[in-house]
Amino acid sequence: ILAQALSTPNSTWAAWILGRTSRKTGATMGANKVVQKSKEAKMKAAMAGGKSRKKKWSKGKVKEKLANMVMFDKATYDKMLKEIPKAKLITPSVVSERLKVNGSVARVAIRHLEEKGLIAHVGEKHHAQMIYTRKIGGDDKQPLVVVARASASVFLLVLAEFLTTRFQSVTKHRWTGHSGRHNLHTKQKKKQKAAMAGGKSRKKKWSKGKVKEKLANMVMFDKATYDKMLKEIPKAKLITPSVVSERLKVNGSVARVAIRHLEEKGLIMHVGEKHHAQMIYTRNVGGADD
């Protein structure tokens with residue numbers, strides 16, 4: 001009967017069966033369709049996602065703080081006598097880096113080793129360029145060949161460092177020169193456009209920046225401050241005009257006068273080379289002149 005109904009398309013049975021089949025197929029196809037979001041819904045989702053994820057900025061390279069010593073102790077002095085005379089290149093920076101001491105202390109150490117005859121100067125002597133090398137043989141009358149080889153090796157090291165620094169500066173200038181001119185022209189064009197568009201009406205607000213705290217330091221000693229100076233300052237490990245000014249709340253000139261007064265009394269001792277612009281002192285251990 002079904003075959004006969006399908007063979008005659010004009011029959012009611014065939015129409016009924018075909019209608020049922022088409023409805024089932026349409027329902028199945030409609031179930032597989034995915035409902036797409038509108039453009040407004042997509043924009044809202046994108047804006048909400050962008051606000052939640054904030055960009056993390058890196059702090060960049062932080063310079064390491066050095067804690068170099070301002071005077072020699074027993075261990076550092078023994079290390080200087082043992083290691084520095086064996087180095088090929090001896091400069092204040094090399095000594096400061098190896099022994100972890102200040103620059104002025106490193107210069108004093110180099111002169112001390114030179115007086116002992118443990119190191120030899122390279123080239124002409126100059127107060128601003130202290131280049132030394134190890135003393136081979138330990139004799140004052142060294143062969144010219146040995147001195148020439150040592151001088152040549154040190155000269156090559158210094159020349160290589162100079163050429164490397166020079167090459168880096170030239171390369172940096174070559175790569176950044178054109179972009180700097182381009183940025184300058186771009187900034188000028190932007191300023192001209194802002195002026196044409198009525199930039200005068202919008203005034204730029206300048207921040208006041210950090211306001212320096214006003215100090216109320218004294219310009220002369222009273223009895224209490226003088227007694228405090230004699231009691232506390234000679235016990236400090238590091239004594240400079242800034243340290244004295246901060247502790248006693250006095251002016252910088254008064255702090256320098258106080259340091260000279262304590263030095264005359266023999267309560268403190270100078271560290272390194274004496275210089276009018278760099279007053280570094282420490283406590284006088286033992287109270288003896290040595």
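Modeller: Happy to! A helix here is a DSSP run of H or I with at least four residues, and helices are numbered from the N terminus. Keep in mind that this is a predicted model.

Let's start just ahead of the packing. K249 sits in the loop that links α9 (241-248) to α10. Its phi is positive, near 60°, although K249 is a residue other than glycine. For context, most residues other than glycine have a negative phi.

Now to α10 itself, which spans residues 252-265. Its partner is α8, residues 223-232, and the two axes come within 11 Å and cross at roughly 55°. The crossing of α8 past α10 is right-handed. On the α8 side, the contact is made by Y226, M229 and L230, while α10 brings A258, H261, L262 and K265. By class, these contact residues are five nonpolar, one polar and one charged.

The structure holds one aromatic pair. It joins F221 to Y226: their ring centres lie 6.5 Å apart with planes at 75°, and because that angle is over 60, the pair counts as edge-to-face. So Y226 has a part in the helix contact and in the ring pair.

Key
Residues numbered from 1 in each chain as written. Predicted model: local features only at pLDDT ≥ 70, side-chain atom pairs only at ≥ 80, totals over all residues. Heavy atoms only, no water. Phe/Tyr/Trp six-rings, centres within 6.5 Å; stacked < 30°, edge-to-face > 60°. Axes fitted to C-alpha atoms, helices over the stretch in contact; angles between N-to-C directions. Helix = DSSP H or I, 4+ residues; strand = E, 2+ residues; numbered from the N terminus. Left-handed = near helix turned anticlockwise from the far one by under 90°. Contact = heavy atoms within 4.5 Å. Nonpolar A, V, L, I, M, F, W, Y, C, P; charged D, E, K, R; others polar.
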